[in-house]
Amino acid sequence: MAQSAQLNASILKKVAMALSGIFLITFLALHVTLNFISVLSEDVFNEASHFMGYNPLIQYVMQPVLAFGVIFHFVMGFVLTAQNSAARPIAYAKYNGAANASWSSRNMIISGLVILAFLGLHFYDFWFPEVSYKYIAGTAPDATRYYGELVHKFHSPVRTALYCVSFILLGFHLWHGFASSLQSVGMHNKYSRFLAKVGYWFAVVVPAAFVIIALFHHFNN
């Protein structure tokens, strides 16, 4: 009975982890779309960013939900990793991980930690200055400031390189995470192979788009 309850709890944790991952994937799609506008049009990017920055629904509802989703996803990742390690207290005498799983699936915790560090840098670069601008300094809204603030962050080649490396590791994380999330929520049907391919494309296109954004603003402004 105890083993059954433990198994059910483990399954629920994996499902919760998967749902939080799918939620964050949806946010990534929106985020990369908004940021890629900066490559195409400075004015449209400023307008879209200003709308996002002062819309009450986004600021006071969606932003806290997103913050909770990020924290929950990483905490559950560490919990499940610790749980899996505890389930195998004795290491295999011989284990060729590369023969049984891809690099991305075997190193999700590593790519996850790098992404977590990247989020810290991202908050430092964008979120904290935004909070200071609007709520601490109480500066009047300026709908033309966003493009210049974005470009300024990519002047440094070191910072640009850090962003690009983080985006590449995000791609590895998504390569396994997208398909794993769908599997954990039980998507085993005639569309599963198609959805898996969508996930692989997403894992390539979205990080590549972020890299293009960073390199574009570094070399063109």
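H218 is in contact (heavy atoms within 4.5 Å) with F154, H155, S156, P157 and T160, leaving aside its neighbours within four places in sequence. This is a predicted model: local features need pLDDT of at least 70, side-chain atom pairs count only at pLDDT 80 or more, and totals for chains, interfaces and linings use all residues. Residues are numbered from 1 along each chain as its sequence is written, and side-chain values use heavy atoms, with hydrogens and water left out.

**Around H218**
- H218 sits in helix α9, residues 192-220. Helices are DSSP runs of H or I, at least four residues, numbered from the N terminus.
- The side chains of H218 and T160 are joined by a polar contact of 3.5 Å. Such a contact pairs N or O atoms within 3.5 Å; within protein, one must be able to donate a hydrogen and the other to accept it, and residues adjacent in sequence count only if both atoms are side-chain atoms.

**Helix α2**
- Helix α2 covers residues 42-54.
- F45, N46, S49 and G53 of α2 are buried, meaning under 20% relative accessible area with a 1.4 Å probe, protein chains only. They cover an arc of only 100° around the axis, which puts them on the same side of α2. The arc is that of the directions from the helix axis to the C-beta atoms.
- D43 and E47, on the other side of α2, are exposed, meaning over 50%.

**Annotated span**
- Residues 160-178 are 100% helix and 0% strand, with end C-alpha atoms 26 Å apart.

Definitions and conventions. Helix = DSSP H or I, 4+ residues; strand = E, 2+ residues; numbered from the N terminus. Expected span 1.5 Å × (residues − 1).
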